[in-house]
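Student: I would like to go through this model term by term, asking of each label what value and what cut-off stand behind it.

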Amino acid sequence: MENILTVENVCKTYGNFTALNNVSISVPKGSIFGLLGPNGAGKTSLIRIINQITLPDSGTILLDGEPLQPHHVHQIGYLPEERGLYKSMKVGEQALYLAQLKGLSESEARKKLKYWFEKFEISDWWNKKIQELSKGMAQKVQFIVTVLHSPKLLIFDEPFSGFDPINANLIKDEILKLRDEGASIIFSTHRMESVEELCDYIALINKSNKILDGKLNDVKQQFKTNQFEVGLLSNNKEELIANISNHFCVENSRTTTVDNELRLLIGLKNNETSTDLIQFLNNKAQINHFTEIIPSANDIFLKAVANNE
Amino acid sequence: MSKLKLIIKREFLAKVKNKSFIIMTILSPLLMVGLFSLIVFLNQKNSEEVRTVAFVDDSHMLSTAFTDTPSTKYIDLTPLGIEEARMQTEKSYYGVLYIPKVDSLTDISKGIEFYSEDSPSLNLISDIENNLERKIRNLKIEQLHFDVEKIKKTETDVEIATENFSGEKSSKIGSVLRMIAGGGFGYLIFMFIIIYGTSVMRSVIEEKTSRIIEVIISSVKPFQLMLGKILGNALAGILQFVIWMISAGLLLFVVTLIFGPEATSSGSAMGQMNPEMLQQVQQSSATDLQLALLEIKNLPILTMFFSFIFYFLGGYLIYSSIYAAIGAAVDSETDTQQFMMPVLMPLMIAIYVGFSVIENPHGPIAIGFSLFPLTSPIVMLMRIPFGVPWWQIVLSMALLLVTFVGIVWFAAKIYRVGILMYGKKPNYKELYKWLKY
């Protein structure tokens, strides 16, 4: 698959501080790419380099196959984490100004703004000043300004902060829609549940180094621990546990109160397969359910960072 | 380039649409005119007031020393005696002068006293002293048997007419006008640099605190933004200057219509004059007024206008880029104090030097500071009405341009780093590090 963005061996230092150390990532076209990492890991430094706000000390960046050039800012939409608008400027004028800075003509910008303002049902805000709007309302305007010039690559840094759940959902749907229409999206966040929902690919940056990247599903497979959760029905639970423990490694056990089910967490060794386990259990008790434990993005994040320390 | 235009347009409109700009532009000329008229009015009222001064002359020699003037009347209370006269004065006169009884003219100057409710005006006292001195002198001359009239005839009034080598007449009033024009323009530049420099700084801080800065510089280069901001504000400044010039012209026109042509000369001078100067003009004769009018016409007005624009732009660009860098380095306006002092220093020095420059416009200090780029916009502008050799103007403009490029380069580096820094209170060491990022 073609990449919209390729970052190769990028380094950036500020004085004695290394912000990025030989970081490389590839963002496939038409995907949502999660850029993850703890605070101060270097995500924002990388994003600023992609936006040409700062220059890398070394390394190359290709946007759609071309080395990054000043005119590429028109093809990128950026919603920074530290964001805001001119407080005493009117919403409409401000949106027009920012759209024109992104290379749209005034009439084009007007047309597109009309479309988005109607879509978000905020047309009557045109002549209001930002300081008269609530934070969430201002965020909507900010989102529109980011996507207005239909960029090929969208970069969202913590896009959901400042939104209530309803509007956060609205924005999430818009992001998915933009991807379906062909835009590629880099998505930086600490909210792991939204990574789970949205991202096709992830890269994890910690202490200026990329420590992990790939398709979210592949990464999950890579991080799974061969653990299975099973629910069993049996009259003699102690004997059953003892029996299973003789053959497999039982890591956790409890009994649910509702249907008196025995829940076991069983880890398999390298030479054992899930089929072995199912066959074994099937002879001993009635299997209510059988699930392989797939690590969540959150687990992966914590584990990868801990391994890196 | 079109992005720079967009930024300039936005900054210009943001500044011009601001209420304080509109109020400043319209009100301050009115305020100046109002204040000035008030001073003139009060001055007139002051001189209309008539003081009556009583005197008691126990020496019986000096009672003819005093002649009434429009503002001072003298009344002889010698028959009442000093005690009674003092009581009377307290009720109805400004003050009472007591000349004690003496035997000879030599001692008469001792022991003369003046009593009044408040401490008397210095002018009045020196008037009385002059009157007494003249009278005593005349009496002494008579005592020595000289003829007072003959001696008076020996007195001559000398007034030197000055003219420069190219044959143009100049006058004391001309020099005064040059001082006023130079001082006024220099001071105006000083004010403009501070007002518009600070306005650039505020605008940078506003972009930082409202967090829009990162959105903008993902579309344009920080340098473009800084330059656009500075130029947009400069245009607003020039607009304000032009509006003031035009309204001053209109005002002059209206004054001419109302008061007739004679008022024009003093009226036009009034626009830029302080009361002392005005008095000087008022006291001078009609021919002097005409000469003054001529002098105004003789001033290199076009040169002054264009050099004002040039030096305003040059000085403003240098200082406002420093202001922009300061704005970028801090988080709020309260943090700017430590950086403001070194910026204001050369400006203050320029103004102080300027005062001595208009006394001696071609001395070494004047030349030095009018070439040094951080002070030249103010000092050179103060010198220009007196005529400055062209090579000095060219040199100072060239130095100004070179410095401008250098300072903008430094400021842009600090600006670029500073606008993305939050929560750090930088010191000079930190700023120096930013230069190398």
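**Labels and the values behind them**

Tutor: Among contacts in chain A between residues at least 6 apart in sequence, 71% join residues at least 24 apart, where two residues are in contact if their C-beta atoms, placed from the backbone, lie within 7 Å. This is a predicted model, in which local features need pLDDT of at least 70 and side-chain atom pairs count only at pLDDT 80 or more, while totals for chains, interfaces and linings use all residues. Residues are numbered from 1 along each chain as its sequence is written, and chains are lettered from A and ligands numbered from 1 in the order in which they are written.

Student: What makes chain A more spread out than a compact globule?

Tutor: The radius of gyration is taken over C-alpha atoms, and the globule rule is 2.2 Å times the number of residues to the power 0.38. For 309 residues that rule gives 19 Å, whereas chain A has 25 Å, well over it, and so chain A is more spread out than a compact globule. The C-alpha atoms of chain A fill a box of roughly 75 × 45 × 35 Å along the principal axes. The domain assignment, automatic or from a database, gives domain 1 (3-222) and domain 2 (225-293) in chain A, and the centres of these two domains, taken over C-alpha atoms, are 45 Å apart.

Student: Why is A:Gln221 called exposed, and why is A:Asn9 called partly exposed?

Tutor: A residue is buried if 20 or more other C-beta atoms lie within 10 Å of its own, exposed if 12 or fewer, and partly exposed in between, with C-beta atoms placed from the backbone. A:Gln221 has 12 C-beta neighbours inside 10 Å and therefore counts as exposed; its place is in helix H7 (residues 216-223) of chain A, helices being DSSP runs of H or I of at least four residues and strands runs of E of at least two, numbered from the N terminus. A:Asn9, in strand E1 (residues 3-14) of chain A, has 13 such neighbours and therefore counts as partly exposed. Over chain A, 36% of the 309 residues count as buried.

Student: Why are H16(B) and H17(B) called roughly perpendicular?

Tutor: Two packed helices are described by the angle between their axes and the distance between the axes. Axes are lines fitted to C-alpha atoms, for helices over the stretch in contact, and angles run from 0 to 180 degrees between N-to-C directions; angles under 35 degrees count as roughly parallel, over 145 as roughly antiparallel, 65 to 115 as roughly perpendicular and the rest as oblique. The axes of helix H16 (residues 390-418) and helix H17 (residues 428-436) of chain B come within 8 Å and cross at roughly 100 degrees, and H16(B) and H17(B) are therefore roughly perpendicular to each other. Among the residues making this contact are B:Phe410 of H16(B) and B:Trp434 of H17(B).

Student: What makes H14(B) oblique to H16(B)?

Tutor: H14(B) and H16(B) pack at an angle of about 40 degrees, with their axes 8 Å apart, and that angle makes H14(B) oblique to H16(B). Here B:Ile367, B:Ser370 and B:Leu371 in H14(B) meet B:Gln392, B:Leu395, B:Ser396 and B:Leu399 in H16(B). The buried residues of helix H14 (residues 364-371) of chain B are B:Ala366, B:Ile367, B:Phe369 and B:Ser370.
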